[in-house]
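Student: I am new to this structure. Can we go through it together?

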Amino acid sequence: MRRLRLALPKGRLLRPTRVLLEKAGLGLDGYTEGSRQYRLESQRIPGLCAKVFQERDIPVQVAIGNYDMGICGRQWVEELLVRYPLSGLVLVRDLGYARGRVVAAVAGSSGFKSVRDLAHDNGTLRIVSEYPNLAESLALGLRIRRFKVFPVWGAAEAYPPENSEVAVLWRDSERNTFFPGIVPLKVVLEGGACLVANRESWERLDMGEVLGLLCQAIGPGGEEVVSTMPEPPVQTSCTVAPSKSGDECVWLALPDGHQQAHVVRFLSRTGVAVEGYSGRESGRCPSISLPGVRVKVVRPQDMPQQVASGNFDLAVTGQDWLTDHLCRFPSSPVEEVLDLGFGRVRLVAAVNGDMGVESVSQLKQWGRNRSALRIASEYVNLADRFGREHHLAPYRVVPTWGATEAFLPEDADLLIENTETGRTLAEHNLKVIDTLAVSTACLIGNRHALASPARRKKLLAVADAFRKGLG
Amino acid sequence: MRDMLPADMALFRHVEGVFRDCCLKWGYREVKTPTVEYMHLFTSTGTLTPGMLGKVYSFLDWDGWSGERVVLRPDCTIPVARLYIESSQGRSSPAKLFYVTNVFAFEETGRESRERWQCGAEFLGGRAPGTDAELVALALEVARLLGLYGAEVRLSHVGVLRALLRQLALTEEEESEVLDRVLDGNVEALSRLSSQKSELGGALSLLLGQSGGSRGSLKNLRSLCGAGMKELARELDDFVALVDVLEAVGCPYRVDMGSARGFEYYTGATFQFMCRGRRIGAGGRYDALVPMMGGGDVSACGFALYLDCLMPLLQAGVGQVPSWKGIYITLAGDPASLKAAFGVARVLREAGFVADVDLSGGGKTGWDWRLDVQPSSFTLKNSKGESFSVASVAELLRLLEAR
C-alpha cells in the first residue's frame, strides 16, 4: 500500500500543530520543539509518515507531489496560488489557529490615506514583501501605475517610509496593535494554519482515516482548540526622528537573526554605541552614535539587493549573500567595503552519506542515468552557478527557506549550504563533496554612493569606525 | 509551446505576405518592436486588466537588483504607441503603421500556446469615423485576399457602453465591475441593470440583446436620448457615423454590443472579425492611450488579425492557399550529370521556378514536375505520367511556361 506523506511545519506553527496532532492521535512522536528529528513514522497509522519543513516550503512540496498533505499558513498557500492558480495544490480546510492577516501598510507619516492614493501616485512605488506574488497581484489589482516589488526574507515592517513606500506583511490576530509607526491600508487576505493536499493524491488516495482524526480534533467549525505559542517580545517602534537633512544621511542596515549577537560583540569593540539593537530593547530602528548615520535592522539575505538599489548605503551582511547576489547580477553596484572577520562559515556542497558519492565527478556519474539532479539551497544563485560550472546538466535548483538538510535524500540529491562546524551536516548523515567558498561577515556598500564626492567621505567614515573592531 | 513545420511556415508566410502586401498598398509602413519590454510600460497606462497583467511573463533583467521587471510583450498596440511617441519627437504627425509579431501570455494548462502571432495595423493621429472604417475595410480586404469570403465584422462601442453605465448611477466599484464583465464578453449584467434602472429600458435591452442592433435601431435610440443624456447621445452619434461610412463603402457588418471584449484601452468603436463562427481578429479606437503615455492629444485606432486562428481555417480548406509548383531534378551518379543538373537548376531558379536537386538519391514523391538529367539530355515528367524529351534548357523553359 502506498505510504501517506505529510509535510509538517517548523517554527511558529510547530507547537499548536503538535497539540492538534496529539489530540488527533496520529502517533507522530518526535514532532516537538527543539527536536532535530525531521523524519517521523506514525506509531498508530500504518503507512503514515511525515517530514518537517520550513512552513514556506510546504505548499511547493505538496504542489509538486513530494507530499500528499501538509500544514502551513494560509498566506503561503495564497502566495503560490495567486501566481500559479492551476498548481497541484488543494486547500482542504482551515485549522482554526495561528490566525492573522496579510495587509498592505504604509508609514503613518507617508501621506497615503487610502489605497486610492497609492493608485493615483505619480512616482514609482517601492513595495517590500515576503509575499512578492501577493504584492504584485495587489499592485496590479489596484492598478498602481508604476511599482517595484522587492522580495524580502522578513522584517518588511522596517522599511517604510524611508526605504520603501509600501510593505505587504503578515500580522498575527493575537497582536492588539499593528507595527508601530506604520498603518494598514488594505487587508490582502485573512487566514490561519490550514491543511493542504496534493491534487492528484486528493483524487486518488484514501486519506479518510487521517482526515477524520484531524477533523474530529479540530471540531466542526474550525474553532480554536489549541493555543498558539507565546509571542516573542514586540520589536520596539521605529523611533528615528525625521531628519531635516534626510537625503544627506547615511543609511546603514544591520542584521537580525543569528548574526545579530556577533555584530553586537563586534560593535562593542569598535566603541560605536547602537542603542536598541540588543536585549529586550531590540528594535528595527536603533540609534547609532555615529553622526549623520541612521540604522535599520533587516534580514542579512536582503541586504545586497537593498544596497544595490540604493535603499541603503551600507550594510553588514555575509559574504555568502553578497556572492549569491553577484552570481545573479554581476553588474550590480554593490561591493565589499570591509571584511569584518567574524561569523566564519564554509559554503559546501553535500550529499547523503549513503549515496556512495565522494566527489563532484562521482556525483556527475551518479546523475548520468537520472532525469534531473535536484540541488536544494537557500543560495539559489550559487546553487545554479555550481550546477552550471560543473556541467551537472540536467539539474534543477530547489529553492528552500531553511532546514535544507531535511531535503536529502528524498526531496533533493545535492545540498549547497553553509556550515560553521559541520556538526549539523554530520548529524543528518550528509557528506561534504566540495567547498565552494569561505564566508565571513562584511560591510558592503553601494559603488555609486562610494564614488559620489558628496557621500564618499561619510561612508568611509563609517568603514573607518568599523575598522577599529577588527582583531 | 509549438513548432512550426515546413507546411505551417508556408501557410504562415502566405498569410503574412498577403497582409504585408495589402498594408503597403494602403500606405501603411512596417515596424518591429522588441520582444522584451519594461513591465511599467504596460502597467503605467492602467489600461490592461489585472487579469491580463497577471498572465504576463515577467522576470528580472540584468539590473534586476533595482526591482525593475521586464516582460515578454503581452500586447503590441502599447509598444507601437510607445514607438510612435518616441520616434515622433513631439511632432505628433499621423502615422499608419503595421506589424507582424508574436505576443506572449502565461499558459498553465499546456493546451494552448504561450506564443501567439498577430498581423496588426495601427492608425495613429487619424480621426473617427473615416479611420475606423478604413481599418475595418483593410482587415476585410486581407480576409478577402486570403479567400475567407464569409468574414464579417461585429461592431460594438465602448464609449456607448461606458456612457450607459454612467446613466445607471452605479458606484465607481460597481461600474468598474460591470465594465470588466462586459469587456470579458458578458453584457447580460449591463442589459439587466439597464432594463431596471434606465429610462431607455426596453430599447436598451434590444440593443444589448442577442439580436444585436442595426443602423436604424442605433438612430432610433439616439433620438430617445433626452437632455440629461448628452454623453450617451455623443457616443451614439460617433457609432452611427461609423456605421454610415461602412454602409457607404459596402463593408458587411453586424452590431453586437457584446463583442466589445478585450483591452480596456478602447474608448470608441470596437471591431471583432469573424469567419465561420470563429474570431479571427479584433480592434478598436483607443483615443486615450497616447495622451496617457505622454504623447499628446493623438487619437488612434487599430486592429490585429490572429495568425493562430487564420491558419487552422486555411488548413481546413476555408480560403485559398496557393500551391507552389516545384521541379524535382534527379540525376545519374556521374560528375557530368551533376554539373548539368546544377546548371539547369540555376537557369530554372532565375526564371522563377523552384528547382530541388535530388542529392540524396532518396526519390522524393509528391512532385509536380520531375526532370531526369543526363549529361546531354533531359526528360521532363509530370504527375499525370506524361513524359517529354527536351533537348535544351531553352526548350525546357518554353515547355514549362506553356504549361
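Tutor: Here are some questions and answers on a predicted model.

Student: Which elements of chain A give two or more residues to the side that touches chain B?
Tutor: In the contact between the chains, 18 residues of chain A meet 15 residues of chain B. The chain A side divides into seven nonpolar, six polar and five charged residues. The elements giving two or more residues are α5 (132–141), β8 (147–151) and α9 (303–308) of chain A.

Student: Are α6(B) and α11(B) roughly parallel or roughly antiparallel?
Tutor: The axes of α6 (residues 158–167) and α11 (residues 230–249) of chain B come within 9 Å and cross at roughly 165°. Angles over 145 degrees count as roughly antiparallel. The two helices, α6(B) and α11(B), are therefore roughly antiparallel.

Student: How many nonpolar residues are in the contact of α6(B) with α11(B)?
Tutor: Residues of α6(B), including V160(B) and L164(B), meet residues of α11(B), including L232(B) and F239(B). By class, this contact has two polar residues, four charged and six nonpolar.

Student: Which strands stand at the edges of the five-strand sheet in chain B?
Tutor: The open sheet has mixed pairing and the order β13-β12-β14-β15-β16 in chain B. An edge strand has a single partner, so one side is left without a neighbour in the sheet. The edge strands are β13 (354–357) and β16 (387–390) of chain B.

Student: What is the bridge partner of T379(B) in β16(B)?
Tutor: Strand β15 (residues 378–382) of chain B pairs with β16(B) in the antiparallel sense, over four bridges. In β16(B), the partner of T379(B) is S389(B).

Definitions and conventions: Residues numbered from 1 in each chain as written. Chains lettered and ligands numbered in written order. Predicted model: local features only at pLDDT ≥ 70, side-chain atom pairs only at ≥ 80, totals over all residues. Contact = placed C-beta atoms within 7 Å. Nonpolar A, V, L, I, M, F, W, Y, C, P; charged D, E, K, R; others polar. Axes fitted to C-alpha atoms, helices over the stretch in contact; angles between N-to-C directions. Parallel < 35°, antiparallel > 145°, perpendicular 65-115°, else oblique. Pairing = 2+ DSSP bridges.
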